[in-house]
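Here is my note on the salt bridges. Please read it with the model open.

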Amino acid sequence: MSLPSKFINVYYYFIAGQYSFTGDLVIIPETIYFFPRRDLVTERMKNPKTAELTRICNDAVITISELVNSSNYLIKNGLWEENLSDDQFRYRADAHIEKLKQQRNSENFSKSLPIPMRFIASEIKNVRLGFWGRLSFSTQNDDHDFEFGLGKKRLHKVLRENAFIVKDSRKLFKWR
């Protein structure tokens, strides 16, 4: 499998029984990046009665359009192109994150998405991949949960190739 590995429309930050964001996750050797794209909490607050149905419909439309048109966050921001090496991606992603941090100082925090996150392998502990496609791990500051759904088999392979140790992977992936 070529690197970097990209996963689109991934759910992030499970709290109070619901995910808070969706975005794109990229795995390269010794680093995981997450680029938030939608604030699900704000969407639920704006229209609580139809929020779940709207989320499901939006997710389907976004996933299909990104697969067909390749018009996702990473491409729009110049972070992704075919045959990009992991070092090229790391350089672009780190520069993008720094640029957003500088811009954040002038914006109202509550009106913007979180800055994309970078997780270094040496800071990641207790990597777990659940049967239904939930990737969880701990860092010094927080616990992180991502929901992948159908991409879990590919995710498991990418995590193992990049030396992220997955707990109990033999029990979770009995069909292997």
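1. Terms first. Buried means under 20% relative accessible area, exposed means over 50%, and partly exposed lies in between. Arg134 has 29% relative accessibility, so it counts as partly exposed. Keep in mind that the model is predicted.

2. The count. How many salt bridges does the rule give? The total is five.

3. Asp24 and Arg37. Asp24 sits in strand E2 (residues 18-28) and Arg37 in strand E3 (residues 31-39), so the pair ties together parts 13 residues apart in sequence. Are these residues buried or exposed? Asp24 is buried, at 0% relative accessibility. Arg37 is buried too, with a relative accessible area of 17%. The cut-off is under 20%, so the 17% of Arg37 qualifies.

4. Asp94 and Arg118. Their side chains meet in a salt bridge at 2.7 Å, N to O. Asp94 belongs to helix H4 (residues 86-104) and Arg118 to strand E4 (residues 117-120), so this pair ties a helix to a strand, 24 residues apart in sequence. Asp94 is partly exposed, with a relative accessible area of 22%. Arg118 is partly exposed as well, at 33% relative accessibility.

5. Glu147 and Arg134. This salt bridge has an N to O distance of 3.9 Å. It links distant parts of the chain: Glu147 is in strand E7 (residues 143-147) and Arg134 in strand E6 (residues 134-138), 13 residues apart. The cut-off is within 4 Å, so the 3.9 Å pair is counted.

Methods:
Residues are numbered from 1 along each chain as its sequence is written. This is a predicted model: local features need pLDDT of at least 70, side-chain atom pairs count only at pLDDT 80 or more; totals for chains, interfaces and linings use all residues. Side-chain values use heavy atoms; hydrogens and water are left out. Helices (H or I, at least four residues) and strands (E, at least two) are DSSP runs, numbered from the N terminus. Buried means under 20% relative accessible area, exposed over 50%, partly exposed in between (1.4 Å probe, protein chains only).
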